[in-house]
Number of protein chains: 2
Amino acid sequence: MMAPVAINLGIKLHVLAEADDVSATTAATYTVGDYTDYDTLAAFAATVDVVTFDHEHVPTQHLHRLQDAGVKLAPGPDALVYAQDKLAMRRKMAELGLPQPDWRAVTTLDELLTAGDEIGWPVVLKTPRGGYDGKGVWVLDSAEDARAANVWFNGDHAALLVEAKVDFRSELSAQIARSTTGETKTYPVVETIQTDGVADIVKAPAPELDDTTANAARQAAETIANGVGVTGMLAVELFHTPDIAPGFMINELAMRPHNTGHWTQDGAVTSQFEQHLRAVLGLPLGATDPIVKYTVMKNYLGADNHDLYGAFGLAMAKYPAAKIHAYGKSVRPGRKIGHVNVLATDGDLDAALAAAIDAAEIIRHGTTDY
Amino acid sequence: MMAPVAINLGIKLHVLAEADDVSATTAATYTVGDYTDYDTLAAFAATVDVVTFDHEHVPTQHLHRLQDAGVKLAPGPDALVYAQDKLAMRRKMAELGLPQPDWRAVTTLDELLTAGDEIGWPVVLKTPRGGYDGKGVWVLDSAEDARAANVWFNGDHAALLVEAKVDFRSELSAQIARSTTGETKTYPVVETIQTDGVADIVKAPAPELDDTTANAARQAAETIANGVGVTGMLAVELFHTPDIAPGFMINELAMRPHNTGHWTQDGAVTSQFEQHLRAVLGLPLGATDPIVKYTVMKNYLGADNHDLYGAFGLAMAKYPAAKIHAYGKSVRPGRKIGHVNVLATDGDLDAALAAAIDAAEIIRHGTTDY
């Protein structure tokens, strides 16, 4: 999704891809290689002016070594570690004085049981690294659940993160861009609806969020962006807790264009993909204003229909104003393969939401009669 | 500019390019070849599902031969000839009963002089084929001018087109998409400001056009699209003649995404490039509504500055809401190398116009102090 904006600004992309058949290879020059191998990373880095990321899984020690060798990384490892390591992130948020769930680092079952008792059950147990879309996350309702989770204390992890299971009203995302020049621009805070741990629907801006809380969340995103020294896009995923000041708690960080920002492709003056490119290249940042009152994004995940292109026609016929985005991925059940944006040009959020959901389901199932 | 929307919809483009260094090669798979050579065209056509065009200069006889060989052409030669041959176009517009300047086909100086006297001087002399951006067009103020133009009756042309020099208030463009299925959708009529025969500024929708005339112009575009059987985007360039019913006259046709439609990339629900792809592939057409009240497009032509990328930063810093589009072309004086779109999100057309012009000039000259 970075490729279209790069073409438009005359910026050349070179992708280090895991395999020939991944999505990014359909849109840009690429080299196939293993992102966990230092020599592969170093050879790739020599071909470009600046290295940025579309996931957080490149080993931190390799990033430090690249940086020491003079490679421009955006974000750099000192920032990226807070998106890679949830324990490091919790410590940093505490240091920055930002609101977050009660949490502990635990390395033994006894510590987990004590943490659960102190925090109050249920708690959420997380692997600090490698989790994604709900993977590496377990909800423990009780000490019994915790004992059953003992399998995770097998030496793979120096410590696990335990945190309170927050009773939130909704989930939010506050995105910000920070340039290599230090310039920052926040996007409107959006509401995200997760299904099975995967972002599924985004309403932009968050329709039931008061301005005071929204502004505080944008300010928190700015505190984090400057506090960790990120360059590029930062998504701060939040729990909306209207009864606990300041009305939100920090859940997780992502340092890249993020699923919760796909609405900006059609609904904001500057999309998160263009903004990320501007930020990592040190270009001035673009305006983040929404173009219309509300935009809705709905993901479509792989299901029974494999003829996406045929289904696009059905969805387009029913919704001439729907903006369909395809990732060029093969269809696998549950895999994110695209999304639909609908602009509520008339301000009717419910109609836009219904249209986005229906269009996505038509694509998933290959029929309007799903 | 087709490439970004193709990536987004998972549609693969293959370009027949004149040379390795033309703009389209930076964004899509390409083959270098001569579009005037039938064998080159046939070999290229065998690699794709459907052939479309970004200019009108592929010889009509080759297109007929390809069509006879079973190649899907969109638009086909029976439609495209009206964008290729201005005399054929004038005859067709007359047949369709559409308003146009008084015109004659002339093959001798005597015929030209008679036509000038009948139509009334000044007249405009045009080569029916091969003209572009003001090339192949001469304004003849008098019989003396016509005699001086005698050089053009050298056997190169079966006939030339002579038409009245219309005293118009402004120039307009009415765009329409027509799908291979016959579905049509018109865009709002825009005002275009030409400089030295080149479209320079577009105001979308045309701010000083009354609804009755605008609707009649959209209806005329539909009559043409169906009358010539175009598939893809059609731009109908018009003279705005408020004192002569129905308020406009047809100037020229283009059967492709057109400079006067670049505003749709940022200002309409469906851009002309996505719409063209949908139309030539037989996908349902997208909504053509403007997203905001006014959008302004300003071209930037090559000038003294060759560091476009550096200049982008200056323009972006001054205008965070400006949408800069670059064509990946090398800078040559007077060459179209990109454009800037500015959305008047607050409805202030004059401010958007001033911003677009200033941003384009900053890019041309590489300084804010030009």
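1. Helix α10(A) is mostly covered, with 9 of its 10 residues buried; buried here means under 20% relative accessible area, exposed over 50%, and partly exposed in between, with a 1.4 Å probe and protein chains only. The buried residues are A:Q272, A:F273, A:E274, A:Q275, A:H276, A:L277, A:R278, A:A279 and A:V280. Just after α10(A), A:G282 takes a positive phi of about 75°. Helices (H or I, at least four residues) and strands (E, at least two) are DSSP runs, numbered from the N terminus.

2. On provenance: this is a predicted model, in which local features need pLDDT of at least 70 and side-chain atom pairs count only at pLDDT 80 or more, while totals for chains, interfaces and linings use all residues. Residues are numbered from 1 along each chain as its sequence is written, chains are lettered from A and ligands numbered from 1 in the order in which they are written, and side-chain values use heavy atoms, with hydrogens and water left out.

3. Within chain A, helix α1 (residues 2-9) packs on helix α10 (residues 272-281) at an angle of about 60°, the axes being 8 Å apart. Axes are lines fitted to C-alpha atoms, for helices over the stretch in contact, and angles run from 0 to 180 degrees between N-to-C directions. The angle makes α1(A) oblique to α10(A); angles under 35 degrees count as roughly parallel, over 145 as roughly antiparallel, 65 to 115 as roughly perpendicular and the rest as oblique. The crossing of α1(A) and α10(A) is right-handed, the term for a near helix turned clockwise from the far one by less than a right angle, with anticlockwise giving left-handed.

4. On the α1(A) side, the contact with α10(A) uses A:M2, A:V5, A:A6 and A:L9, and on the α10(A) side A:F273, A:E274, A:H276 and A:L277. Contact means heavy atoms within 4.5 Å. The residues of this contact divide into 6 nonpolar, 1 polar and 1 charged. Ala, Val, Leu, Ile, Met, Phe, Trp, Tyr, Cys and Pro count as nonpolar, Asp, Glu, Lys and Arg as charged, and the others, Gly among them, as polar.

5. How are the two chains related? Chain B can be laid on chain A with an RMSD of 0.0 Å by a turn of 180° and a shift of 0.0 Å along the axis, the superposition being by least squares on the C-alpha atoms of residues with pLDDT of at least 70 in both. The two copies are thus related as by a two-fold rotation axis. In chain B, the C-alpha nearest this axis belongs to B:P4, 2.1 Å away. The same surface serves both copies, since 100% of the contact residues of chain B recur in chain A.

6. Helix α1(A) also packs against helix α1 (residues 2-9) of chain B, at an angle of about 180° and with the axes 9 Å apart. That makes α1(A) roughly antiparallel to α1(B). A:A3, A:P4 and A:I7 of α1(A) meet B:A3, B:P4 and B:I7 of α1(B). These contact residues comprise 6 nonpolar, no polar and no charged.

7. Is α1(B) enclosed or open? It is largely enclosed by the rest of the structure, because 7 of its 8 residues are buried. They are B:M2, B:A3, B:P4, B:V5, B:A6, B:N8 and B:L9. The buried residues of α1(B) pack against α1, α11 (308-318) and β14 (323-326) of chain A, together with α10 (272-281) of chain B. Just after α1(B), B:G10 takes a positive phi of about 70°.

8. Two residues of chain A may be checked for contacts to chain B. A:N8, in helix α1 of chain A, is buried, with a relative accessible area of 15%. Leaving aside neighbours within four places in sequence, A:N8 is in contact with B:I324, B:H325 and B:A326. A:Y309, in helix α11 of chain A, is partly exposed, with a relative accessible area of 34%. Not counting residues up to four places away in sequence, A:Y309 touches B:I11, B:L281 and B:L283.

9. Most residues other than glycine have a negative phi, and most peptide bonds are trans. The bond from A:A74 to A:P75 is cis, with omega near 0°, and A:P75 sits in the loop between α3 (60-68) and α4 (77-84) of chain A. The bond from A:A204 to A:P205 is cis, with omega near -10°, and A:P205 lies in the loop between β10 (198-204) and α8 (211-228) of chain A.
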